[in-house]
Amino acid sequence: MLTHFNAAGEAHMVDVGDKPATRRVAVAEGLIRMDPKTLALIEQGGLRKGDVLGIARIAGIMAAKRTADLVPLCHPLALSRVEVALEPRAAESAVYCRATVETRGQTGVEMEALCAVQIGLLTVYDMCKAVDRGMTITTVRLIEKTGGQSGPWSRTPEETQAGLP
């Protein structure tokens, strides 16, 4: 059952007021593929806009904190931790992004983790578009979540063994 609709089928914000506050963690990942020369420029610090991965990391953190401003029916949350890691992957000619978001509250942080990955990768695109407009953001997905009434969820070990394929 979709929880963001009332009995009349109208979109609404879910009432979480009676739910107990629990520790909630979500982890998401994604990838931006690019020309090998673009990846080399990122690794060498050769782009005019500056430290691509450092700025993308900060953008991802900021995005997690602002998710409720971007996704209409998300609850504003007090996040206790946001970690965004970006890793160049030469074999795939890509940058991999992984975000971990945590709170103690009445609703989960899946959207915040997904938003952090999306905006982190979009920032990589923005900073590199002058040299490579053909970059592709791909496979943004939730890896795992814990806490809440529905309990833990994670992808199978085969899906997460080494990050993205």
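Visitor: How many helices and strands does the secondary structure of the protein come to?

Guide: Bearing in mind that this is a predicted model, the secondary structure comes to five helices and five strands. Read along the sequence, these elements follow the pattern β-α-α-α-β-β-α-β-β-α.

Visitor: Which order do the strands have in the sheet?

Guide: As a general idea, strands of a sheet pair through backbone hydrogen bonds, and the pairing may be parallel or antiparallel. In this structure the five strands form an open sheet with the order β2-β3-β1-β4-β5, and the pairing is antiparallel. The edge strands are β2, residues 79-89, and β5, residues 153-154, each of which pairs on one side only. Helix α4, made of residues 110-128, packs on the sheet and touches β1 (22-33), β2, β3 (94-105) and β4, while its direction makes about 25 degrees with that of β1.

Visitor: How many bridges join β1 to β3, and how many does the pair of β2 and β3 have?

Guide: Twelve bridges join β1 to β3, and these strands run antiparallel, whereas β2 and β3 pair over ten bridges, also in the antiparallel sense. To follow the pairing by eye, you can look for individual partners: Leu 79 has Thr 103 of β3 as its bridge partner, Glu 87 has Tyr 96 of β3, and Arg 33 stands opposite Ala 94 in β3.

Visitor: Is strand β3 largely enclosed or largely open?

Guide: A residue is called buried when its relative accessible area is under 20%. In β3, ten of the twelve residues are buried, so this strand is largely enclosed by the rest of the structure. For the protein as a whole, buried residues make up 38% of the 165 residues.

Visitor: What is found in the loop between β2 and β3, and is Ala 91 buried or exposed?

Guide: The hairpin of β2 and β3 has four residues between the strands, and Ala 91 is found in this loop. Ala 91 is exposed, because its relative accessible area is 84%, and a residue counts as exposed when that value is over 50%. The C-alpha atoms of Ala 91 and Pro 36 are separated by 9.2 Å, although the two residues are 55 residues apart along the chain. Ser 93 also has its place in the loop between β2 and β3, but Ser 93 counts as buried, because its relative accessibility is 11%.

Visitor: At what angle do helix α2 and α4 pack, and which residues make the contact?

Guide: Helix α2, residues 52-65, and α4 pack at an angle of about 145 degrees, with their axes 7 Å apart, and α2 passes α4 in a right-handed crossing. The contact includes Val 52, Ile 55 and Ala 59 of α2, together with Cys 115, Ile 119 and Met 127 among the residues of α4. By class, the contact has twelve nonpolar, three polar and one charged residues.

Visitor: Where is Thr 146 found, and with which residues is it in contact?

Guide: Thr 146 is found in strand β4, which covers residues 136-146, and is partly exposed with a relative accessible area of 30%. Leaving aside neighbours within four places in sequence, Thr 146 is in contact with Arg 23, Arg 24, Val 25 and Pro 152. The C-alpha atoms of Thr 146 and Ala 26 are separated by 6.6 Å, while the two residues lie 120 residues apart along the chain. Across the protein, residues 24 or more positions apart account for 70% of the contacts with a separation of 6 or more.

Notes
Residues are numbered from 1 along each chain as its sequence is written. This is a predicted model: local features need pLDDT of at least 70, side-chain atom pairs count only at pLDDT 80 or more; totals for chains, interfaces and linings use all residues. Side-chain values use heavy atoms; hydrogens and water are left out. Helices (H or I, at least four residues) and strands (E, at least two) are DSSP runs, numbered from the N terminus. Buried means under 20% relative accessible area, exposed over 50%, partly exposed in between (1.4 Å probe, protein chains only). Contact means heavy atoms within 4.5 Å. Two strands pair if DSSP finds at least two bridges between them. Axes are lines fitted to C-alpha atoms, for helices over the stretch in contact, and angles run from 0 to 180 degrees between N-to-C directions. A crossing is left-handed if the near helix is turned anticlockwise from the far one by less than a right angle, and right-handed if clockwise. Ala, Val, Leu, Ile, Met, Phe, Trp, Tyr, Cys and Pro count as nonpolar, Asp, Glu, Lys and Arg as charged, and the others, Gly among them, as polar.
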